[in-house]
Amino acid sequence: MDVSTGTEMIDIPAGRVTLSDRRTQRSWTVDVASCRIAAFPVTQALYAAITGRRPSAADGKRLPVEGVSWWDAVRFCNALSEQEGLAPSYRINTDGEGGEDIEWDESADGYRLPTEAEWEHACRAGTAGPHYGPLDEIAWYRGNSDERIHDVGALRPNAWGLHDMLGNVWDWCWDFYDPDVYGTYRVLRGGGWFDEHWSCRASARRRSHPSYRVDDVGFRLARSVRS
């Protein structure tokens with residue numbers, strides 16, 4: 001498959017994952033249903049093919065798209081679903097930039113963002129440590145990236161065939177980070193090309209406003225599995 005223009009979805013088995021937050025010292029366990037998650041972050045070529053836009057600071061068909069907000073990612077998911085004849089996962093109620101203006105239709109078969117529990121379960125791929133392999137072999141981060149973004153799929157995947165789960169670009173997830181404290185801020189996972197090694201861990205959580213755009217934040221696709 002040409003990763004610069006297509007998508008490849010990996011079947012993720014059901015399981016259970018324990019999430020944790022260093023800020024609050026809280027941990028909680030989530031049961032994760034089987035789902036499908038993209039083998040690669042969305043590339044610039046795929047994003048441009050669907051939206052006609054090239055928002056990234058760097059330029060390259062196989063580079064992860066970056067400079068995209070959470071809202072951009074949600075709209076992309078719906079647009080790709082519609083192009084492929086799938087039911088869009090998101091109902092966007094207004095043109096606003098607040099998380100309260102969108103609903104996730106969990107019965108839809110279209111593309112969507114992973115939940116952070118799905119993301120961490122998929123990232124770990126049955127492992128228990130901070131990384132699913134030696135960091136230099138699986139992730140572009142400040143220690144080996146030459147402080148630039150890299151083509152997707154260049155490093156070793158995890159045991160389930162997912163590339164770039166750690167490093168290269170942070171992935172937007174569906175979830176609110178902590179609504180009581182941060183309002184509509186959404187969860188980011190995985191670390192990026194400019195981050196130190198401690199940010200590129202399976203358990204690391206970051207947060208940002210859904211309108212935030214920067215050159216080390218992208219996203220990857222998920223789909224629900226229907227019986």
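1. A nonpolar core is a set of buried Ala, Val, Leu, Ile, Met, Phe, Trp, Tyr and Cys residues that are joined through side-chain atoms within 4.5 Å. In this predicted model, the largest such core has 28 residues, and those with the most contacts inside it are V42, W70, F76, Y90, L113, F219 and L221. Two or more residues of this core are given by each of α1 (44-51), α2 (70-83), β6 (102-104) and β7 (170-176), while the largest share, seven residues, comes from α2.

2. In soluble globular proteins, nonpolar side chains tend to be buried together.

3. Strand β2 (residues 15-21) and strand β3 (residues 26-32) run antiparallel and are joined by seven bridges, with G15 standing opposite V32 in β3. The hairpin that these strands form has four residues between them, and Q25 takes a positive phi near 60° there.

4. Taken as a whole, the chain has five helices and 11 strands. Its radius of gyration is 16 Å, close to the 17 Å that the globule rule gives for 227 residues, so the chain is as compact as a globular protein of that length.

5. Of the 227 residues of the chain, 55% count as buried. Among contacts between residues at least 6 apart in sequence, 64% join residues at least 24 apart. The accessible surface comes to about 9,700 Å², and 46% of that surface belongs to carbon and sulfur atoms.

Definitions and conventions
Residues numbered from 1 in each chain as written. Predicted model: local features only at pLDDT ≥ 70, side-chain atom pairs only at ≥ 80, totals over all residues. Heavy atoms only, no water. Buried < 20%, exposed > 50% of the residue type's maximum accessible area, 1.4 Å probe, protein only. Pairing = 2+ DSSP bridges. Rg over C-alpha atoms; globule rule 2.2 N^0.38 Å. Contact = heavy atoms within 4.5 Å. Areas by Shrake-Rupley, 256 points an atom, 1.4 Å probe, with all protein chains shown as cover.
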